[in-house]
Amino acid sequence: MRSILVTLIFAFCLFSGLLGQAQTNHIQGKVLDENGMGLPGVAIAIKGTTSGTITDLDGNFALDVESGVILQVSFVGYITQEVSVTSQTFLKISLQPDVEQLEEIVVIGYGTQKKSDLTGSTGIVTMADADLQPIQRVEDVLQGRVSGVFVSQNSGAPGSVPRVNIRGFTGSPVYVIDGFIDGDINTLNPDDIENVSVLKDASATAIYGSRGANGVIIVTTKQGAKNKKLKINAEYYHSMSVLGKKLDLLDPVSYMKIVNKKRKEANGLEAFSDEEIELAETTPGFGTDWQDEIFRPAHADNLSVSASKGWKNTSLRASLSARNDNGIIKNSDYQRYTTRLKLNSKLTAKTNLQLNAAHSYERTHNLGDRYQGTNPIVAAATAWPPNLPVYTLYEKTDTTYTDYTGFQGYGPTVRLNPMYQVNEKDAQGKSYNTNGNISIQQEILKGLKFKLFGAAQYATGEGRTFTRYKPETQGSFTELNESETNRYKYQGNAQIDYSGTFSENHNLNITSVFETLVRRYKRTSLKTTFLVPGEEGVPGATGWRDEPERMLSFLSRLGYSFKEKILFTGSMRMDGSSRLPENNKWESYFSGALAYRLSDEAFLTNSNAVDDLKLRLGYGEIGNVSSIPVFAVQDLTSPRRQAYVFDGVTPVDGEAFENGNKRSNPYLRWESSRQWNSGIDLVLWGGKVEIVADYYAKFTEDSHFNKPVAGYLGGGSIKTNSGRFLNKGIEFQMINKWSNNSGWDIKSSINLTFNKSKVLEMPQDTIFAGSKLSEFDKNTHVLIEGQEVGQFWGYRYLGPKLDGADPLPGEIPNLKPGDAIYKDNNGDGYIGVEDMEVLGNGHPNFVWGYNLTVGYKNWSLNAFITGTHGVKMYNIPQHGLIGGGAGVLDATSTEILKSWSINKNGELPALTAIYRAQSSLFIENSSFIRMRNLTLAYEFNGSLKERLKIEYLRIYAGAQNLFTITDYTGYDPESKSGWNTTPGVDLGSFPVPRVYTIGMNLRF
């Protein structure tokens, strides 16, 4: 009996031990911050015990716990979270910021500020938001992520520079890179960026004076952390780019038949015989698909490597990057190489030193104006006859040879053989950019600091273009163009900062700066022309140099807060520019912004929903001289004589000036902008929802316009202060975060921007801008007092004249069936420039972006979509694709099947009708919705990382510009030329490609 009892007790103890072992789990996990990044040093404690662990540098942890215990997860600045452990083996824990504790620091002009204390309208992007997709340029970080910021990828050429506008369509914003004003972002590796701040309203940008007239984008680069061992980070990705869509063009046989039909209607003489058409029908592979000839799948490689290390008082980070990108048009490519070094050192207890140095090299090959000039390759590839081969065998009296096929008496005379353009114009560009800055900050007294900052940049560029003579073209020649440019920039600052607290409730911050900026530009060029192949060249050289441009500035900013409930920021800046005459050289501008934290009131302090609610109101004034040439205020050109007929009979010489006959104006003054801004910042439910909304109105006055000068005074134009504009709009942004203890983590953000512009005053009631599509037309765009900026100007197309149809309103008399009907606005019975009207706008009414990231344990999926709406595009190539009417062009697009000559109820006129290129027929709706990014990523942990001896490993695959929803018939609704007063013109631009990417991130 006793032995049985002992056996039972032993068995019970063994079972209990086994049961206890079965209930002990080895769990792994990761703690993430609100941006989905791993948090190091997070305390993981078993509730009710002293046992636990902390996360490593990537936020990972491992722990042996019993089933049913509760883990307490805590970190400074974040809300402590409790997690129950059941049967999980992996925990993904997302901590949310404690709004009352965490004070995010934001970079503003000449300093930093707590995000909660911002009074101006400032957009913030961290690279944690952008790391979810491959980023090639700084502008990619901003696109669709900051309300009020419009980023347009005007060209799909590798290395192309997107257009950026902040709050309306004025000039380009200024970039400030680590304190260096007007830094060159083209040379900046996105992997070096820590965060980006966008100063939008005048109360925020006024501290930069004239430099901030069009908004300020502040870029802060990454730096090493002190007391950290050596860390090496690397990212590599490979991408393949393809043409997003092909245009639907005629096959060779259909093209030949329609050309014949057009010639027969015109003069009864067909271009192709029945035998030639039969040969085309029976010959396999007859003709050329010119789109297939010029386009190709293109590959790109991008590598970024950085190393950082920290000691007790010093941190150092060094990086390098290399990018090799082939364009989707054959024989085009781009390379960029960058290096950067950043050093921070605490020299003494009160002295800090920071050093930044960077160098970049860029090489472009067959990029740029060859896609926007008089013979754009893309437009040529769609207009060139599909029945022609790339090469033709030519016979001379004593020899035969093969050369590119030339003009055959049909097709476009203004377009060159597309493959000739691809292969026989070799354009290379090289640029070298070296810049650096150094700053020393000394604490004089408690709260009082003095800082010296110096920066310099030297950039040089080389260009070389070799163009072979055009095949079978009389008078053609071979030409070599070479050029060199040199740019210098210098900046020096002396800055004093004071920060203090009085009686616990009063906080005061004062910044005062003296600043000097110097810029200089020099260019030389050499052209050699070879009239006949094999002859010696005829050289010619030109060159010019700017005198140094100088600007001196004094600025000061005061920030005050009472109990962090009432916040005020005021600034003053005085600028003096060498671009202006002595009497108008200096100007002063002021700004002020007030914020009130309503959430501190008693009725909201105990709210379960509202964590922070702040109301903002700001006003600011800013000056601008960027539109004034350096010598616009003085006569530096030689006078010449220009005849003017005063009496209608006898010409009399009057004084005029060279250099485009532009006159000087010694009375020019600063352009100024006044901007009002009101906004609201709202944080709900423990930081799970953040909402920012703003309304703004920006008045630009004394704008610089070229005003015509009367012929009897010498003619030409003179730059004057004679324009007023208004930009007003609404911005809205909402961020939503959600996570649970099962490993799910979701973050989404949406932003919307609405903007309207208005011309308030100009030198004339109407000013035409852009270029003419015909010598009988006005320019493509128009500025009219009382109306919007960016309007298209042309003829209103009403449709073809149909058989037996009643006249349409505005139709001129005596039209025959098949003729094009254009609206006769003045009712004189004729169509002329007096009948042209506004046909739409090249600026959008509103833009939006939606970013969604879904994480589950080690997986993450990012989807990023943007939209642009209420915008038109001038599809100029389409005029040639449907034949250009009665001219020598011949249609290549299948749209010509809608011609009255082929379909009596079609939408297009007869093949021989008069087409007006500058008409509503070619102005299309280019609104679009685009999937910018779709990327799936997986982050490894556990045994694989241990075997590879790495701290972090992430692989990803995705697609950029995956699809576009649009009614635009051209290649791409976003790829275009033009600027603020002349937007939305498609000249046959380089299409934005669809890109497929695979890549990986490593950290050792």
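Hi everyone. Two rings of Phe, Tyr or Trp, the last by its six-membered ring, count as a pair if their centres lie within 6.5 Å. With that in hand, this predicted model holds 23 aromatic pairs.

Let me start with Y255 and Y410. Their ring centres are 6.5 Å apart and the planes sit at 55°, so we call this pair tilted. Y255 belongs to helix α5, residues 252-267, while Y410 is in the loop between β23 and α9, so the pair ties together parts that are 155 residues apart in sequence. Are these two buried or exposed? Y255 is buried at 0% relative accessibility, and Y410 is buried too, at 11%. Together with F272, Y255 and Y410 form one aromatic cluster.

Now for Y337 and Y361: here the centres are 6.1 Å apart and the planes are at 15°, so this pair is stacked. Y337 comes from strand β20 and Y361 from strand β21, 24 residues apart. Y337 is partly exposed, with 39% relative accessible area, whereas Y361 counts as buried at 18%.

Rings also meet charges here. K904 lies over the face of W900, 3.4 Å from the ring centre, and R930 has its charged end over the ring of F928, at 5.5 Å from the centre.

Stepping back to the whole chain, there are twelve helices and 54 strands, and 51% of the 1004 residues count as buried.

A friendly word on confidence: mean pLDDT is 85, and 88% of the residues reach 70 or more. Still, pLDDT stays under 50 over residues 636-640 and over 656-660. Thanks, everyone!

Conventions
Residues numbered from 1 in each chain as written. Predicted model: local features only at pLDDT ≥ 70, side-chain atom pairs only at ≥ 80, totals over all residues. Heavy atoms only, no water. pLDDT = per-residue confidence, 0-100. Contact = heavy atoms within 4.5 Å. Helix = DSSP H or I, 4+ residues; strand = E, 2+ residues; numbered from the N terminus. Buried < 20%, exposed > 50% of the residue type's maximum accessible area, 1.4 Å probe, protein only. Phe/Tyr/Trp six-rings, centres within 6.5 Å; stacked < 30°, edge-to-face > 60°. Lys NZ or Arg CZ within 6 Å of the ring centre and 35° of its normal.
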